[in-house]
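Keep the coordinates open as you read.

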Amino acid sequence: MPEPVIILPEGTHEPADGEIIKLALLAVGGQGGGVLGDWIVDAAERSGYLAQSTSVAGVAQRTGATIYYIEMCRDTGRRPVFALSPAQGDVDILVAAELMEAGRAIMRGFVTPDRTTLIASSHRIAAVSEKIEPGDGRASSPKVLAAAEAASKRFVTFDMERIAVQAGSVISASLLGALAGSGALPFPRESYEAAIGAGGRGVKQSLAAFAGAYERAGGEASVPPHGSGPGGLPDQGKAHLTPSSATAADSASSTEMSAPPVLRTPLPGPSPRKDGEKGAVVAPAASSASLKVSETRDTASLSPSLRGEDGGSQVRGGANPTEFGVSGPASQLAGWKTLTARISALPEPVRDMAARGLKKVVDYQDLAYGGEYLDRLARAVALDSPTHNYALSVAAAKHLANAMCYDDMIRVADLKTRSTRAARVRREVGVRDENVLRVTEYFHPRIEEFCGTMPAGLGRYIEARPKFSAWLDRRINRGRHVRTDGFAGFATLWIIGGLRRWRRKLLRHAVETEHLERWYALALDHVATDYALAVEILECRRLIKGYSDTHARAQSKFERVLSGLDLVKGRTDAADWIRRLREAALKDEKGDMLDGALKTVASLGQ
């Protein structure tokens, strides 16, 4: 009886007898790293190999991935001696469940250009260090891709998370498919599939994700034109990029689920085979007569019906700069058209940002609030000119909208009770129609938030009496868990969200409006003497964000940055110094960098 023919991916390296293959896998909680390690060991044993798997847990989720380490060699009858953990410069294959984990592996010395095959998903999950930075703390994906290409002998990457989600599985299955399709291990496809089948749970979905990644990793990516890849990555003859973005996370909102991008190093030996093709609407919850505004360019996110309760007409598209679609009662639609007509009368460079700001403000409150937004914006436009390409007006359009849409208890409750949020939560959690989802919201209001939802006079009366405020704070200032999947909890938040129709009479609105007007007037007062400085003062509004304690800290930073204005006023580089102070404030949460920058500014006049 002839022996069965075992087909391996092209270019697969066959290790010599006794040669130990060393594989490290980096994954965090929820990515199935342990299951993936078991599958690899199972596939190795089915292929006549001995294997050992160990793991070193990370510090915590997103601050340290668990390292699963596997060593394996052909079973020659002699018991090998396997190591318990990976060593720098001594890893043959490294599998990373997320792009930045690949970067961390490179920094730790696990990836070497003369030896290591690096397999990593190109999608991103923001790390804690990226999230805690008050400004834009995102790491550069193109830089990591370039470093991975240079540091590894072979580099295979594409959005394995998307393939897994499309198949209804988790990323461990698509990571296994990429590993198998890359030919980095001398195991036939059947061994991997049998290992998945032996698990007994979610086999169909896991096999689908495995197959999609297997075909993707085994295919040959197209070469981009002009010898360079997206994001400015050079084509060094070692790796190829598809014309789509190197970081598929940036295009995750696309409604067309096309094949994920791939970056891979050609396998040695014969040319790889060709890769066949087989391989929020924001709807206010507070009023039935409110206007609903959405951007029609992302039609996949639109709800089935956007009509008002009175059966009012629905309009899609239009002549305004960002093609918003609106729906609601006829009277509301007429008011919306009046506001968009004012947008069309603005200078062309301002229209897009102004339209986006108007959409945000109207969604936040109502049409009248949108009129107030345009009235304030008109003050900046009147002082502006084409000479500066209306930079002042564009900055005002952006930051006025953010300032007018401050986060308060009403806003938080409104967002948490929108139908679009419920649908998004179910989608992200992966809840099936037959499942019951329990949602618990956490709130920790302080006396400041309580007084902010009171009528302005009453709120000030309470705040002016420290003993009474302290007595109330002891009863209010504690964490609360609210179940919004039940009637009582949802109704409580829905009622709080409905208070927005009275928002203009509340203390928080009075405080925010006063602060907004002082900041805006300060910026406009400098237009005539220092245009660039006026723009930078407007940009400082970036510092104010969040809710409760976060908002208080942000506002403190804002005031400290503007405190340096008197120290640099009149200097030719005043705008540059305010920009530096703002960037320092955005770099760290504690504000140590801002303190140092302020000391530098203070020394300028000495």
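Burial comes before contacts: buried means under 20% relative accessible area, exposed over 50%, and partly exposed in between (1.4 Å probe, protein chains only). This is a predicted model: local features need pLDDT of at least 70, side-chain atom pairs count only at pLDDT 80 or more, and totals for chains, interfaces and linings use all residues. Residues are numbered from 1 along each chain as its sequence is written, and side-chain values use heavy atoms, with hydrogens and water left out.

**Salt bridges**
- A salt bridge is a side-chain nitrogen of Lys or Arg within 4 Å of a carboxyl oxygen of Asp or Glu.
- The count under this rule is 34 salt bridges.
- One network of salt bridges links Lys 22, Asp 90, Asp 92 and Arg 115.

**Pairs within a helix**
- Helices are DSSP runs (H or I, at least four residues), numbered from the N terminus.
- Asp 352 and Arg 356 form a salt bridge, with 3.1 Å between the closest N and O atoms.
- Both lie in helix α10 (residues 348–364), four residues apart, about one turn of the helix.
- Arg 356 is partly exposed at 30% relative accessible area; Asp 352 is partly exposed at 33%.
- Arg 508 and Glu 512 form a salt bridge, with closest N and O atoms 2.9 Å apart.
- Arg 508 and Glu 512 are both buried.

**Helix α8**
- Helix α8 (residues 203–218) has 16 residues.
- Its buried residues include Phe 210, Tyr 214 and Arg 216.
- Glu 215 is partly exposed, at 22% relative accessibility.
- Glu 215 forms a salt bridge with Arg 189 (3.2 Å, N to O).
- That pair links distant parts of the chain, as Arg 189 sits in helix α7 (residues 189–199), 26 residues from Glu 215.

Notes
Helices (H or I, at least four residues) and strands (E, at least two) are DSSP runs, numbered from the N terminus. The expected span of a helix is 1.5 Å times one less than its number of residues.
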